[in-house]
Amino acid sequence: MSPLANPLADLLARRIAANGPITVADYMAEALGHPVHGYYRSRDPLGAAGDFTTAPEISQMFGELIGLWAAVIWQQMGSPDPVRLVELGPGRGTLMADFLRAARMVPGFKQAIRLHLVETSQPLRDRQKQALEAFGVPVAWHDDVASVPDGPMILVANEFFDALPIRQLQRLPDGWHERLVDLDEAGTGFRFVVSPGRSSGAALLDPGVRDNAPAGAIAEICPAGFAIAAAIGARLKQQGGAALLIDYGTARSAPGDSFQALKAHKFHDPLADPGAADLTAHVDFQALARAAVEAGAVAHGPVGQGAFLTALGIVARAETLRQSGARDVDTALRRLIDDQEMGSLFKLLALTGPTLAGSLPGPLPGFEG
Ligand code: SAH
């Protein structure tokens, strides 16, 4: 076989040659998480020099408002001390640094916080340590959320679920089949094929999508995301608290192929250069909410990022920053809240334990719309 694009492509090609085509989820898991060559294991992908920019990297206002949101929730929880503050996929630690700075305004909150960061990338764990050590809050790192110690929790995840591996299914006349990644005919690259047999994954599809999608439609499921949402839901039910899941995606389950790659801020073929480009898929918020609710949590929203940040007062915060001489505040504000930018594609889903949900005076802050 002729040499492939890179060492990981070569490894995947050998595996496919030996054992047959692999699922999109296996391809995505290896491309992002391979211990040596995986995209997230080997680099810091964020910022102008990287492949993509996230809301906390656009402006400090994002993390500050989430910190204030969490402080209100903490008070509604009865101000538990200690409280587990969990972040999934904290990136450079920017959101959490802005969060903790804002959280200091609420008496007792910062002192109660035990910080738990779920992160698999060593380069990013190092960045997080640097960004957060000055706050004097106890921090522990985890490979997954299951190892976070017991107790009431506030959890935040920004652009975490979109990086979890998805499976793709395609509807053929006789039912749903798994979409697979195979070698192309020359053996020098990859292509999509469809498995000849029907897929058991159809059981994980939203019933409306499963029964009503047109022939030829592609639909996506994210078993890892469903499992994490269910684990969060079960924990919130038993031990109380709230979770705020922020990502780009759809409010309702719908067919569609959203598997994509970003390299140097440009769209890229997801099957070219595995491990060297960021791979994501749209988050299906309805499916995540269902998994959490089946495990015992209460779901709120999703609401658009623009509506959420506006309800929390981002326009006034921008004005204060502008008056204190901060630069590019208006550009950042527009990027975060305009409908043509991140305002409606990005959404927030909140999950709470049933006890907290039952004691709320009204909708959660930011979820009134
Ligand atoms: N929340 C940050 C970073 C988003 S990028 C921000 O908004 O800027 C995705 C983050 O999730 C990175 O920190 C990445 O290393 C982490 N990550 C990706 N897959 C993961 C997994 N399976 N388990 C734990 N962390 C993961």
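Which residues lie nearest the centre of the largest pocket? I looked that up and got Tyr-40, Gly-89, Thr-120, Phe-160 and Ala-163, out of 35 lining residues.

Ground rules before I go on. I am working on a predicted model, where local features need pLDDT of at least 70 and side-chain atom pairs count only at pLDDT 80 or more, while totals for chains, interfaces and linings use all residues. Residues are numbered from 1 along each chain as its sequence is written, and side-chain values use heavy atoms, with hydrogens and water left out.

**Largest pocket**

I noted a volume of about 690 Å³ for the largest pocket. A pocket here is an open set of points on a 1 Å grid over the protein atoms alone, where a 1.4 Å probe fits and protein lies on both sides within 12 Å along at least five of seven lines; lining residues have an atom within 4 Å of a point. The volume is the space filled by probe spheres set on the points, with grid points joined across faces, edges and corners.

I then checked which elements line the largest pocket. Those giving two or more residues include helix 3 (39-42), strand 2 (83-88) and helix 10 (223-239). Helix 2 gives the most, with three residues. (Helices are DSSP runs of H or I with at least four residues, strands are runs of E with at least two, and both are numbered from the N terminus.)

By class, I have 19 nonpolar, eight polar and eight charged residues in this lining. Ala, Val, Leu, Ile, Met, Phe, Trp, Tyr, Cys and Pro count as nonpolar, Asp, Glu, Lys and Arg as charged, and the others, Gly among them, as polar.

**Domains**

I looked up the domain assignment and found domain 1 (7-41 + 166-220) and domain 2 (55-162 + 225-255 + 276-356); such bounds come from an automatic or database assignment. Their centres, taken over C-alpha atoms, are separated by 30 Å. The contact between them (heavy atoms within 4.5 Å) takes 18 residues from domain 1 and 16 residues from domain 2. Back at the largest pocket, each of these domains supplies at least three residues of the lining.

**Second pocket and its sheet**

The second largest pocket comes out at about 540 Å³. I count 22 residues in its lining, with Phe-52, Thr-53, Glu-159, Leu-262 and Phe-346 nearest the centre. Strands 11, 12 and 13 each supply at least two lining residues, and the largest share, three residues, is from strand 11.

So how are those strands arranged? They form an open antiparallel sheet in the order 12-11-13, where pairing takes at least two DSSP bridges between two strands. Strand 12 (266-268) and strand 13 (278-280) are at the edges with a single partner strand each, so one side of each has no neighbour in the sheet. Three bridges join strand 11 (residues 260-263) to strand 13, and I traced one of the partners: Ala-261 is bridged to Leu-279.

In general, most residues other than glycine have a negative phi, and most peptide bonds are trans. I flagged Glu-159, with a positive phi near 50°, in the loop between strand 5 (153-158) and strand 6 (167-172). Glu-159 is also one of the residues nearest the centre of the second largest pocket.

I also noted a cis peptide bond between Asp-81 and Pro-82, with omega about 5°; Pro-82 is in the loop between helix 5 (60-76) and strand 2. Another cis bond joins Gly-301 and Pro-302, with omega about 10°, and Pro-302 lies in strand 15 (residues 298-304).
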